Amino acid sequence: MMEKKILLVEDEQTLAKALKFSLEKEGFQVVVAYDGEEALNFFANEEADLVVLDLMLPKIDGFEVCRAIRRQFDIPIIMLTARDEDIDKILGLELGADDYITKPFNTRELLARIKAILRRAVPQTELGKKTIRIGSMKIDLIKHRVTVKDRDIMLTSREYALLSFLASNPGKVFSREQLLEQVWGYGYGGDARTVDVHIRHLREKIEENPAEPDFILTVWGTGYKFREG
Ligand code: CA
């Protein structure tokens, strides 16, 4: 599994360092930003899998940072709040944080929240993007809506996960084992036929002629890939 990158935005240096240490011990890669400006600068050049964002920050506060990130990316955000903040506002549509935790908190608790959010997050490659358009297909990564030639395609959640994962990596070949790991989350050898069955169902739904697929291509002896462009 690839190391997940967390952006930690926290102006209290002692707390920031302690959290960085604990998160790194759990196998995360951690970048610390000590104020809101640094946090936004980070996103000019890099991406993260999750943001832990303190609300009370110098220069640009957590509310503003959260809004700015949300305008561009679909990344899970956990807010650190110091007092009785308006939780409805934090988790509401305006800000759209995924979760919050009130200071002082237990590091174990924060870790548990981070892991839970990353588990239910969409495949990593989707993060940061809102739509994928390839040929006549459009995938809305926020609404989990797929259309081909403006026609709505009804998919099961697993079909959707598989399609959006492949489409997020156009031209890249994945073995069945890799797809089982990435899309199903199996850390061991699952049944490769599971993948084939899902691909077949997907093709029946998205392809004009499932026998001569245009979107999901078979790479003989290797696996599958999504077409490029
Ligand atoms: Ca603070």
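**Exercise 1. Work out how the donor residues of the calcium ion are spaced in sequence, and where the chain supplies them.**

Step 1. The donor residues follow the spacing D-x42-D-x1-M, where donors are N, O and S atoms within 2.8 Å of the metal, or 3.2 Å for Na, K and Ca, and water is not among the atoms, so sites may look incomplete. The model is predicted, with local features needing pLDDT of at least 70 and side-chain atom pairs counting only at pLDDT 80 or more, while totals for chains, interfaces and linings use all residues. Residues are numbered from 1 along each chain as its sequence is written, and side-chain values use heavy atoms, with hydrogens and water left out.

Step 2. Asp11 (OD), Asp54 (OD) and Met56 (O) coordinate the calcium ion at 2.1 to 2.3 Å.

Step 3. Asp11 sits in the loop between strand S1 (5-9) and helix H1 (13-25), and Met56 in the loop between strand S3 (50-54) and helix H3 (62-72), so that distant parts of the chain, 45 residues apart, are linked; helices (H or I, at least four residues) and strands (E, at least two) are DSSP runs, numbered from the N terminus.

**Exercise 2. Determine whether Glu207 is buried or exposed, and which backbone nitrogens its side chain reaches.**

Step 1. Glu207 lies in the loop between H8 and strand S11 (216-219).

Step 2. Glu207 is buried, that is, under 20% relative accessible area, with exposed meaning over 50% and partly exposed in between (1.4 Å probe, protein chains only).

Step 3. A polar atom of the Glu207 side chain lies 2.6 Å from the backbone nitrogen of Asp214, and the side chain reaches the backbone nitrogen of Ile216 at 3.1 Å.

Methods. Lys and Arg count as positive and Asp and Glu as negative; His and the chain ends are not counted. A salt bridge is a side-chain nitrogen of Lys or Arg within 4 Å of a carboxyl oxygen of Asp or Glu. A polar contact is a pair of N or O atoms within 3.5 Å; within protein, one must be able to donate a hydrogen and the other to accept it, and residues adjacent in sequence count only if both atoms are side-chain atoms.
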